[in-house]
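Hi,

Here is the structure I promised to pass on to you.

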Amino acid sequence: MLAIQDTTTVRAEDKGRCIALPPVIAVDAIEGALLGLVNARFFLRTGGKAAQSKDKAFAEKESRRGLDGAERAAASMSGASGVTVVADREGDIYEDFAWKPAGAEVLIRAGQDRVRTEGSRLFERAASLPEAARMTIALPAALALRFGTSRSPARSAARATPN
């Protein structure tokens with residue numbers, strides 16, 4: 001089962017104000033069938049609050065939505081042979097990796113060139129991996145796929161406990 005997360009802007013106004021809906025939908029990974037809505041919550045984004053957000057506990061941040069969706073998918077699809085949460089760069093949040101629920105894997109497009117636990121950089125490590133596949137898609141472009149196992153990104157122990 002795939003639990004796919006992405007954010008949809010429902011209504012946008014000037015100065016960074018919008019209503020956002022980041023749903024998580026379940027898709028059968030073998031059949032491609034849409035199984036339904038796993039999680040959804042509306043957020044009012046008012047823009048310019050990134051600096052203020054750094055002082056909040058993770059549980060109070062909008063970015064908590066990714067982990068909430070992963071937890072909900074893992075719990076509601078526990079009978080599936082596997083649950084993989086898929087997200088774009090917006091889901092590249094340390095806590096989503098560090099607190100990943102049991103029974104779920106995460107596949108998130110990297111947005112940050114993080115330092116890995118052994119000291120290497122994420123993008124450098126990914127570039128060093130052999131291509132697992134290459135295919136031509138309907139667009140006039142080639143897609144290269146590289147993957148490997150990874151440990152959690154490096155971060156201070158003080159931030160490595162759930163809030």
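Below is what turned up, starting with the sheet and ending with a cavity.

Please keep in mind that this is a predicted model.

**The sheet.** Five strands form an open sheet with mixed pairing, in the order E5-E4-E1-E7-E8. The edges are taken by strand E5 (34-39) and strand E8 (104-108); each has a single partner strand, so one side of each is left without a neighbour in the sheet. From one strand to the next, the twist averages 25°.

Helix H2 (residues 64-76) lies across E1, E4, E5, strand E7 (83-87) and E8. Relative to E5, H2 runs at about 130°.

Rolling a probe the size of a water molecule over the atoms shows where empty space is left. In this model the count comes to one cavity of 30 Å³ or more, and the largest cavity has a volume of about 40 Å³. Its lining is made up of Gln 5, Gly 66, Leu 67, Ala 70, Val 85, Ala 87, Asp 96, Val 106 and Ile 108. H2, E7 and E8 are the elements that give two or more residues to this lining, and the largest share, three residues, comes from H2. By type, the lining residues divide into six nonpolar, two polar and one charged.

How values were computed
Residues are numbered from 1 along each chain as its sequence is written. This is a predicted model: local features need pLDDT of at least 70, side-chain atom pairs count only at pLDDT 80 or more; totals for chains, interfaces and linings use all residues. Side-chain values use heavy atoms; hydrogens and water are left out. Two strands pair if DSSP finds at least two bridges between them. Helices (H or I, at least four residues) and strands (E, at least two) are DSSP runs, numbered from the N terminus. Axes are lines fitted to C-alpha atoms, for helices over the stretch in contact, and angles run from 0 to 180 degrees between N-to-C directions. Contact means heavy atoms within 4.5 Å. On a 1 Å grid over the protein atoms alone, a cavity is a set of points where a 1.4 Å probe fits but cannot get out, and a pocket is an open set with protein on both sides within 12 Å along at least five of seven lines; lining residues have an atom within 4 Å of a point. Grid points are joined across faces, edges and corners, and a volume is the space filled by probe spheres set on the points. Ala, Val, Leu, Ile, Met, Phe, Trp, Tyr, Cys and Pro count as nonpolar, Asp, Glu, Lys and Arg as charged, and the others, Gly among them, as polar.
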